[in-house]
Amino acid sequence: MPSDSLRIPGWLHFLAVGFPSANVIATSDGSRVIFDSGFGSDTSRIEDALATAGIGITDVELVVNTHWHSDHVGVNTRLRDVHGIAVAAAREDAQAINSRRADACLSAWLDQPVERYHVDHALEAGQTLRAGPSEWEVVPTPGHTPHHLSFYEPQERLLVLGDAIHADDVGWLNLALDGPAAIDVALDTVARLSRLAVRTALPGHGGPILDPPAVFAAAHARYERMRADPQRAGWHACKRIFAFALMIRDGIPLDDVDTYLARQPWLVDHASKMFDTDAETLAADLLAEMRRTRAVEERGGRLHVRTPHHPPARDWLAGSPRRDWLHEFIPSG
């Protein structure tokens, strides 16, 4: 997408790689930086997108993560180990990642494989970061994850959002682990972003945000509805997590769907903590809701998500010799 149509300078590139990867934001002048790196199986797609933007992978100096979910950090290992590119992330995330904590990236809880990686630079709220020819402010935007960061460039009034807010959605909230207060945290984040003078915001999924005040207002209203009925947040999260599972598995055999869902930690925790029910009941209700809204379809004996995506090769998903936080990730069927 041409930068002039996004109202961003020519040195900043919005690379919409497509699911399962998040959007990648890259600079091609001054300090060459990548904001987020995509899902691990999309390495070649990311490198091709950078090349199309005139950015050689060996010219990149730093990859900066908005947060630690698999679709944002999956190519970190290759960028760092193969190309020598340093990685930067929120201090709290960096500490968990570098100490090899079992819950880092929530990989096992979400059933999303993430190659182990190392963070070289820990970022603090309020510090500045050089990317392109400009200084960017590190803005704390918790909610979607407890230590989520966004990045603001005041001269061009640009904002890299990660999954804090999307053009037509909000980042799903993990009330099952973070508790109902996560909604208030997300509302505080929206208020903080609304106080910035933003011309163009670049989110982790979907298209660019060209009317930030309107989008921020819509996000505020949606989170208020979740605060009034926290189960809304629970449904939003479960649907997003299940859709991603279908993407990275290239669907799940129809006979295995109920069993798969009922054994997932994210669903088990949502069942007990958000819906006061058992995993089997929530699995059935979630599947019925996804079918009702036509978010999924049956094809070739498998259940597939209808959101456009390019599933990973099954030999990539098999894992070995990848060094995953998720020790056993077995593609269904």
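So, the lining of the largest pocket: by residue type we get eleven nonpolar, nine polar and six charged. Keep in mind that this is a predicted model. The space in that pocket comes to about 560 Å³. There are 26 lining residues, and the ones closest to the centre are Phe19, Asp169, His205, Arg240 and Met247.

Which elements give two or more residues to that lining? Strand E12, residues 169-170, and helix H9, residues 230-248. H9 is the top contributor here, with seven residues.

Okay, on to the second largest pocket. Its volume is about 200 Å³. Here 16 residues make up the lining, and closest to the centre you'll find Trp68, Leu106, Pro146, His147 and Asp178. Two helices each put in at least two residues: H4, which is 91-98, and H6, which is 175-178. H4 gives the most, with three residues.

Now let me zoom in on one residue, Ser21. Where does Ser21 lie? In the loop between strand E1, 12-15, and strand E2, 24-27. Buried or exposed, then, this Ser21? Its relative accessible area is 2%, and the cut-off for buried is under 20%, so Ser21 counts as buried.

What does Ser21 touch? If we skip the neighbours within four places in sequence, Ser21 is in contact with Gly38, Phe39, Asp42, Ile46, Asp71 and His205.

Strand E15, residues 296-299, runs antiparallel to strand E16, residues 302-305, and four bridges join them. If you want a pair to find on screen, look for Val296, which sits opposite Val305 in E16. How many residues lie between the two strands of the hairpin? Two, and in that turn Gly300 has a positive phi of about 60°.

Definitions and conventions: Residues are numbered from 1 along each chain as its sequence is written. This is a predicted model: local features need pLDDT of at least 70, side-chain atom pairs count only at pLDDT 80 or more; totals for chains, interfaces and linings use all residues. Side-chain values use heavy atoms; hydrogens and water are left out. Two strands pair if DSSP finds at least two bridges between them. Buried means under 20% relative accessible area, exposed over 50%, partly exposed in between (1.4 Å probe, protein chains only). Contact means heavy atoms within 4.5 Å. On a 1 Å grid over the protein atoms alone, a cavity is a set of points where a 1.4 Å probe fits but cannot get out, and a pocket is an open set with protein on both sides within 12 Å along at least five of seven lines; lining residues have an atom within 4 Å of a point. Grid points are joined across faces, edges and corners, and a volume is the space filled by probe spheres set on the points. Ala, Val, Leu, Ile, Met, Phe, Trp, Tyr, Cys and Pro count as nonpolar, Asp, Glu, Lys and Arg as charged, and the others, Gly among them, as polar.
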